[in-house]
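Please find below a short note for a colleague who is meeting this structure for the first time. The points are numbered so that each can be checked in turn.

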Amino acid sequence: MLQLPISKHNLLHLDISNNGFIGKLPQDMGIVIPKLESLDISENSFDKGIPSSIGEMKELVFMDLSRNKLSGNLSGPLFTGCFSLWFLDLFDNNFYGKHFPKYMNLTRLESLYLNNNRFSGKIDDGLLTSTRLEVLDISSNMLTDQVPHWIDQRVKVGFVTKNRYEIYSGSNLDYMAGLDLSSNALTGEIPSEIGELQEIRVLNLSRNSLSGSIPESFSNLKMIEFRPFLQQLKW
């Protein structure tokens, strides 16, 4: 179990990734280390939910909780209090419920990984406030309804597959562009707006229940290299 100091501490960076920690995260961690700028607890066995006190970390810009056993709904304080976040990785946990509430205030968010969880329902428009969003992976969940038409307004670059997990930054973003919504339960037609993602190189909508025809706007996707969604469509 992770133990923090009893009194408030001005710690700026905490990396305990790839260890053998178990149990739940300290409920007061946001109060004890409020000045934290980066938090990496990936590849452990933490369980239960994210403490609501996390919203006290106003200066947190990087948070990686991937590859744990965390569960529950994402807390409101995470979406409203951690407004400095630009990188958030919750890959390979057991989070469930809705994931993009309308009250989201992550206006500086650039990279978001929610893949391999148990999120369900429709893809809400809470991300509309995240005007800097460049990387989005919400594959391998239980999302339903249709692919949102606003997706082209927010997603420009970035791709992470379910079997190969890498983060690309800097100039690499010019060469690794994509969107992964695969392995959900999305229905309806593919929005023509996706054809406006002219920098996209990899598009994965496979393993859904999409139908209809390929939008004519896809002729704009001159740089696309891989289209695994084609064989999954119902005509």
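1. At a relative accessibility of 36%, E43 counts as partly exposed, where buried means under 20% relative accessible area, exposed means over 50%, and partly exposed lies in between (1.4 Å probe, protein chains only). E43 is not a glycine, and yet its phi is positive, at about 60°. The residue E43 sits in the loop between β3 and β4, with helices (H or I, at least four residues) and strands (E, at least two) taken as DSSP runs and numbered from the N terminus.

2. Before going further, please note that this is a predicted model, in which local features need pLDDT of at least 70 and side-chain atom pairs count only at pLDDT 80 or more, while totals for chains, interfaces and linings use all residues. Residues are numbered from 1 along each chain as its sequence is written, and side-chain values use heavy atoms, with hydrogens and water left out.

3. N116 also has a positive phi, near 60°, in a residue other than glycine. N116 belongs to the loop between β9 and β10, and its relative accessible area of 23% makes it partly exposed.

4. The sheet is open and is formed by 6 strands in the order β2-β4-β6-β8-β10-β12, with parallel pairing; two strands pair if DSSP finds at least two bridges between them. At the edges are β2 (22–24) and β12 (142–143), each of which pairs on one side only. Within the sheet, β6 (residues 69–72) and β8 (residues 94–97) pair in the parallel sense over 2 bridges, and G72 has F95 in β8 as its bridge partner.

5. How many salt bridges does a search of the whole structure find? The search finds 2, a salt bridge being a side-chain nitrogen of Lys or Arg within 4 Å of a carboxyl oxygen of Asp or Glu. In one of them K35 pairs with E59, and the closest N and O atoms are 3.7 Å apart. This pair links distant parts of the chain, 24 residues apart, with K35 in the loop between α1 (29–32) and β3 (38–40) and E59 in the loop between β4 (45–48) and β5 (62–64). K35 is partly exposed at 37%, and E59 is partly exposed at 35% relative accessibility.

6. D125 forms a salt bridge with K102, their closest N and O atoms lying 2.9 Å apart. D125 is in the loop between β10 (118–121) and β11 (135–137) and K102 is in the loop between β8 and β9 (111–113), so the pair ties together parts that are 23 residues apart in sequence. D125 is partly exposed at 29% relative accessibility, whereas K102 counts as exposed at 65%.
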